[in-house]
Amino acid sequence: MKNKTKLMIWIIIAILAIALCGCLTVNIVLAKTQEVKNPIATFEVENYGNIKIELYPEYAPNTVLNFINLIETGFYTGKTFYGKDVNAIYATRNADGTEAEPTMSGEAEGSKYQINGEFVANGFDKNTLKHEKGVVSMLREEYSAYFGLTEQGNNSASAHFQIMLDTNRNLNGSYAAFGKVIEGLDVVEKIFAIEAKPEETAEGEEATVSTPDTITEFATPAVIKNASVETFGVKYGIPEVHEAFDYDAFLQNYFNQYYNNSEASAE
């Protein structure tokens, strides 16, 4: 009788153990299947093909929010990959070659905006993504340090981005890398190979010698026919932005004050 009781107890324990293992297995499977996927942006480039970019919110969260918002509002549709340097191709300009800047209202005449740079040199230590082949990062202004505008330059990104075709360690920690091409790197290479726009020089002058920092414009920019993003059901919200710094107005004011002070000293 005692043996039967012991046997029953062991059977019950075994059943409970099997049930517990089953529950744990199911929970692990559910956790993996419900894991949040990174958003995927797709750029359909006319006559070239599609470029798919995996976005990394863990490295540059607000930069990714801004990129997704620009795609979803149709900003990139009709814009172009307009040029390159020795390491990357550049976007974004209008089809007529003019600068394309997003506005807070989305209207053409609205107030232009910029976002803070999410990179180490700007006090954002989370972004350790390296500028290697296929990596996508935001372009920004390099205002002259002579005027003490380092902060304004660091926080001057808006919509322009570059796709790397080679490693550039000089950009690490100084520009906000936020994604990587997962499909269509061959398309990026085809765009990179577009014939350069002839350099315009005055009569009798020699053409400027290209350097690693020189932007070579394409003779025929590659047009972004359509841009879309798959967020896998995740709502990413609205990015934090600030009114764009007006560098031209700053220079005008700076030199007006300089000339006024010079005239006052001469009197």
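Why is helix H2 described as largely enclosed by the rest of the structure? The reason is that nine of the twelve residues of H2 are buried, so the rest of the structure largely encloses this helix. Keep in mind as you read on that this is a predicted model.

**Helix H2**

Let's stay with this helix for a moment. H2 runs over residues 61-72 and spans 17 Å from its first C-alpha to its last, close to the 16 Å expected at 1.5 Å a residue. Its buried residues are Asn-62, Thr-63, Val-64, Leu-65, Asn-66, Phe-67, Ile-68, Leu-70 and Ile-71. Following H2 comes Gly-74, which has a positive phi near 80°.

**Strand E1 and its partners**

Now find strand E1, residues 40-45, in the structure. E1 is mostly covered, with five of its six residues buried. Strand E1 pairs with strand E9 (residues 216-230) in the antiparallel sense over six bridges, and here Ile-40 has Glu-230 in E9 as its bridge partner. E1 also pairs with strand E2 (residues 49-55), again antiparallel and over six bridges; across this pairing, Ala-41 stands opposite Ile-53 in E2. E1 and E2 form a hairpin with three residues between the strands, and in this hairpin Asn-47 takes a positive phi near 70°.

**Pockets and a cavity**

Next come the spaces in the model. The table shows their volumes and the classes of residue that line them.

| Space | Volume | Lining by class |
|---|---|---|
| Largest pocket | about 980 Å³ | 14 nonpolar, nine polar, twelve charged residues |
| Second largest pocket | about 270 Å³ | eight nonpolar, six polar, two charged residues |
| Largest cavity | about 50 Å³ | six nonpolar, four polar, two charged residues |

The largest pocket has a volume of about 980 Å³. It is lined by 35 residues, and Leu-139, Arg-140, Glu-141, Glu-142 and His-160 are the closest to its centre. Strand E4 (88-93), strand E5 (113-114) and helix H5 (247-266) each give at least two residues to the lining of the largest pocket.

For the second largest pocket, the lining has 16 residues, and those nearest its centre are Asn-69, Thr-103, Met-104, Gly-106 and Tyr-113.

How many cavities of 30 Å³ or more does the structure hold? There is one. Residues lining the largest cavity include Thr-63, Ile-115, Phe-119, Met-138 and Ala-176.

Notes:
Residues numbered from 1 in each chain as written. Predicted model: local features only at pLDDT ≥ 70, side-chain atom pairs only at ≥ 80, totals over all residues. Heavy atoms only, no water. 1 Å grid on protein atoms, 1.4 Å probe; cavity = no way out; pocket = protein on both sides within 12 Å on 5 of 7 lines; lining within 4 Å. Points joined across faces, edges and corners; volume = space filled by probe spheres on them. Helix = DSSP H or I, 4+ residues; strand = E, 2+ residues; numbered from the N terminus. Nonpolar A, V, L, I, M, F, W, Y, C, P; charged D, E, K, R; others polar. Expected span 1.5 Å × (residues − 1). Buried < 20%, exposed > 50% of the residue type's maximum accessible area, 1.4 Å probe, protein only. Pairing = 2+ DSSP bridges.
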